[in-house]
Amino acid sequence: PTSAQVSVVPHSGRFCYTLDNDLLSTEQRQFYEDNGYLLIKKLVSDEDIERFRKEFTRICKREVNPPGAMIMKDESLRSQFGQSEKVVNKVQDFQEDEELFRYCTLPEVLKYVECFTGPNIMAMHTMLINKLPDSDKQTFLHPMHQDLHYFPFRPASRIVCAWTAMERADQDNGCLVVQPGTHKTTLKPHGYPQWEGKTNKLFHGLLDEDEKTPKVHLVMEKGDTVFFHPLLIHGSGINKTSGFRKSISCHFASSECYYIDVKNTSQEHLEKELEEMVRKKYNATSVELKDIWNFRARLVQGERINL
């Protein structure tokens, strides 16, 4: 078509997964539309990453104890390493730790998030992952999964994950693996993979994975950030090095998203598992999934509407 014909066609009709904005190029929007992810190089500064790394070390040493944070450890290593980063493989729900939560408020991250969620942005789910070198006792392979499996809110297209490499991530140390285009599919049934004694709590995976779907390994340098759709099928391999592969991430959603009832859906068993964990941790008699998410969610930009 001639340029005159192109300019008459508004882009908004073409794009389902991004909103009109003056940041992403048409090529970037089309790439996300087709593939379900978008990688932005060197988005987060080395200085910020070093600050997050220091705070993570303080949490591992129990110098700080953020309320509500879930510190996931490999208990088999504790006798050897005690309280150190060599034992902790994940800090989840760090929304009450002001230093780590700065990640969710970085203007350079939020300006991209807004292209997917719109101006009213909630930080819904936060994680700092410290992928340990793989041991015989437990594997830190994360099976292929869709993040929407964990989320009782919709619509999916107004949710996006920002995932930043805190050092080089490649196939040796277990980088992210994605199946491009799978964000256009539906939410599939998830559960614990049939690995002998090597399943991590809440690390659910697809029950029926299509091995023929092409996979892309996202090799990233420190500070590189990938934004991806919650239906994109992804996972990560094992860390075959002696170092620790760190990343920091947040799932953002438009505050105009709304909670759904997951009863009688593929997400129902996860709801029960999560409620049981929270009841045990806080000695609570009754907990609802919506309460857990209300506690996790924090407004980072605009106004709080539904979530």
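**A tour of the buried rings and cores**

Select Phe-151 and Phe-153 to begin: both are buried. The model is predicted. The two rings form a stacked aromatic pair, with 5.2 Å from centre to centre and 15° between the planes.

Phe-153 counts as buried because its relative accessible area is 0%, and Trp-293 because its value is 1%, the cut-off being under 20%.

Now show Arg-296. Its charged end sits over the ring of Trp-293, 4.5 Å from the ring centre. For another such arrangement, select Arg-298 and Phe-101: the charged end of Arg-298 sits over the Phe-101 ring, 4.0 Å from its centre.

Next, turn to the largest nonpolar core, which has 39 residues; Tyr-103, Cys-104, Val-109, Phe-227 and Phe-252 touch the most other members. Elements giving two or more residues to this core include α3 (46–60), α6 (107–117) and β14 (245–254). The largest share, six residues, comes from α6.

Centre the view on Val-109. Beyond its neighbours within four places in sequence, Val-109 contacts Leu-43, Val-44, Tyr-103, Ala-162, Phe-227 and Phe-252. A second, separate core has 22 residues, among them Phe-151, Val-287, Ala-297 and Leu-307.

Finally, select Tyr-32, Tyr-112, Phe-116 and Phe-227, which ring pairs link into a cluster. Across the whole structure, the search finds nine aromatic pairs.

How values were computed. Residues numbered from 1 in each chain as written. Predicted model: local features only at pLDDT ≥ 70, side-chain atom pairs only at ≥ 80, totals over all residues. Heavy atoms only, no water. Core = buried A, V, L, I, M, F, W, Y, C linked by side-chain atoms within 4.5 Å. Buried < 20%, exposed > 50% of the residue type's maximum accessible area, 1.4 Å probe, protein only. Helix = DSSP H or I, 4+ residues; strand = E, 2+ residues; numbered from the N terminus. Contact = heavy atoms within 4.5 Å. Phe/Tyr/Trp six-rings, centres within 6.5 Å; stacked < 30°, edge-to-face > 60°. Lys NZ or Arg CZ within 6 Å of the ring centre and 35° of its normal.
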